[in-house]
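Subject: Structure handover and notes

Hello,

I am passing on the structure below, with the notes I made on it. Please read them with the model open beside you.

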Amino acid sequence: MSTAPGPAHLPDQTARAPRHVAIIMDGNGRWAKQRFLPRAVGHQRGVEAVRRVVRRAGELGLGALTLYAFSTENWRRPEDEISALMGLLKRFLVSELDEIAGNGVRLRVIGDHTAFGAELKDLIDGALARTATNTGLNLVIALNYGSQDEIARAAARAAAVGPVTPETIEAHLDTAGLPPLDLLIRTSGEVRLSNFLLWQAAYAEMLFVDVLWPDFGAEHLDAALTEFAARERRFGGR
């Protein structure tokens with residue numbers, strides 16, 4: 001009896017350490033609210049958590065780290081909060097790019113960052129160009145990203161050149177060329193994917209942790225990888 005083919009690229013069933021980790025960085029607003037602080041302060045502390053986690057991911061030798069920074073749905077937030085988030089992204093690129101580039105990190109963006117205006121777009125494009133030949137950690141930032149839109153775009157591009165199959169769709173995803181997603185983490189205790197890497201997460205391990213993103217550090221990433229190593233992955237088998 002024949003069986004249907006699986007996804008084009010399954011994660012490594014035997015690997016005890018993930019090559020590709022993705023994080024839904026949730027909880028900045030609640031962190032600030034608990035401390036009677038403006039939401040902008042929570043986002044600022046969230047950027048500090050990004051810095052810690054990126055450094056640790058590089059030390060651990062991860063192949064890729066994908067961070068959900070701004071979704072297509074985030075445009076519904078108040079204008080002043082969106083402006084604050086864009087300002088933090090600008091400052092992060094300016095302050096961290098030398099270290100990122102110097103550590104061999106390659107920056108990638110998934111989604112459509114051209115919607116952020118000329119100044120931020122140029123900063124992002126400059127960072128992408130500067131790190132394009134680096135061979136260390138792939139730091140993937142999801143900006144103006146929605147997974148349903150990504151899949152629709154990939155399917156349309158696949159249809160334009162030939163048959164639409166799981167393999168041809170996957171080849172046209174924003175994440176094409178990256179290792180398969182092994183582990184997806186969401187902070188803050190929420191248990192949902194929020195339109196993030198829906199295709200890529202088909203066989204990924206998932207971990208939902210109660211810690212709010214501004215409190216997330218190297219020790220939490222280490223604990224997540226320890227949890228991953230203890231899991232048995234079957235990919236539909238027994």
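Gly136 counts as partly exposed, at 32% relative accessibility. Here buried means under 20% relative accessible area, exposed means over 50%, and partly exposed is in between, with a 1.4 Å probe and protein chains only. The residue sits in the loop between α4 and β4 (138-145); helices (H or I, at least four residues) and strands (E, at least two) are DSSP runs, numbered from the N terminus. Not counting residues up to four places away in sequence, Gly136 touches Gly63 and Gly104, where contact means heavy atoms within 4.5 Å.

Before the rest, two notes on the source. This is a predicted model, in which local features need pLDDT of at least 70 and side-chain atom pairs count only at pLDDT 80 or more, while totals for chains, interfaces and linings use all residues. Residues are numbered from 1 along each chain as its sequence is written, and side-chain values use heavy atoms, with hydrogens and water left out.

The cores

A nonpolar core is a set of buried Ala, Val, Leu, Ile, Met, Phe, Trp, Tyr and Cys residues joined through side-chain atoms within 4.5 Å. The largest one has 44 residues, and the members that touch the most others are Ile23, Leu65, Leu67, Leu139 and Ile185. Helix α3 (residues 79-102) gives the most to this core, nine residues. Apart from it lies another core, of 15 residues, which include Ala22, Ile110, Ala142 and Ala204. In soluble globular proteins, nonpolar side chains tend to be buried together.

What does Leu65 contact, leaving aside its neighbours within four places in sequence? The list is Val21, Ile23, Val53, Val54, Ala57, Leu137, Asn138, Leu139 and Val140.

The helix pairs

For the pairs that follow, axes are lines fitted to C-alpha atoms, for helices over the stretch in contact, and angles run from 0 to 180 degrees between N-to-C directions. Angles under 35 degrees count as roughly parallel, over 145 as roughly antiparallel, 65 to 115 as roughly perpendicular and the rest as oblique. A crossing is left-handed if the near helix is turned anticlockwise from the far one by less than a right angle, and right-handed if clockwise. In the residue classes, Ala, Val, Leu, Ile, Met, Phe, Trp, Tyr, Cys and Pro count as nonpolar, Asp, Glu, Lys and Arg as charged, and the others, Gly among them, as polar.

α3 with α4: the axes of α3 and helix α4 (residues 118-131) come within 10 Å and cross at roughly 20 degrees, so α3 is roughly parallel to α4. The crossing is left-handed. On the α3 side the contact includes Met86, Leu89 and Leu93, and on the α4 side it includes Leu120, Leu123 and Ile124. By class, the residues of this contact are 11 nonpolar, one polar and four charged.

α2 with α3: helix α2 (residues 39-60) packs against α3 at an angle of about 30 degrees, with the axes 10 Å apart, which makes α2 roughly parallel to α3. This crossing is right-handed. Among the residues making the contact are Arg39, His43 and Arg51 of α2 and Glu81, Phe92 and Glu99 of α3. The contact has seven nonpolar, three polar and six charged residues.

α2 with α7: the axes come within 9 Å and cross at roughly 45 degrees, so α2 is oblique to α7. The crossing of α2 and α7 is right-handed. Val53, Arg56, Ala57 and Leu60 of α2 meet Ala218, Leu221, Asp222 and Leu225 of α7. Six of these residues are nonpolar, none polar and two charged.

Single residues

Ser194 has a positive phi of about 50 degrees although it is not a glycine. It lies in the loop between β5 (183-186) and β6 (205-208), and at 30% relative accessibility it is partly exposed. Asn195, in the loop between β5 and β6, has a positive phi of about 60 degrees, and is not a glycine either. Asn195 counts as buried, at 13%.

Arg234 is found in the segment after α7 (218-230). With a relative accessible area of 43%, Arg234 is partly exposed.

Regards
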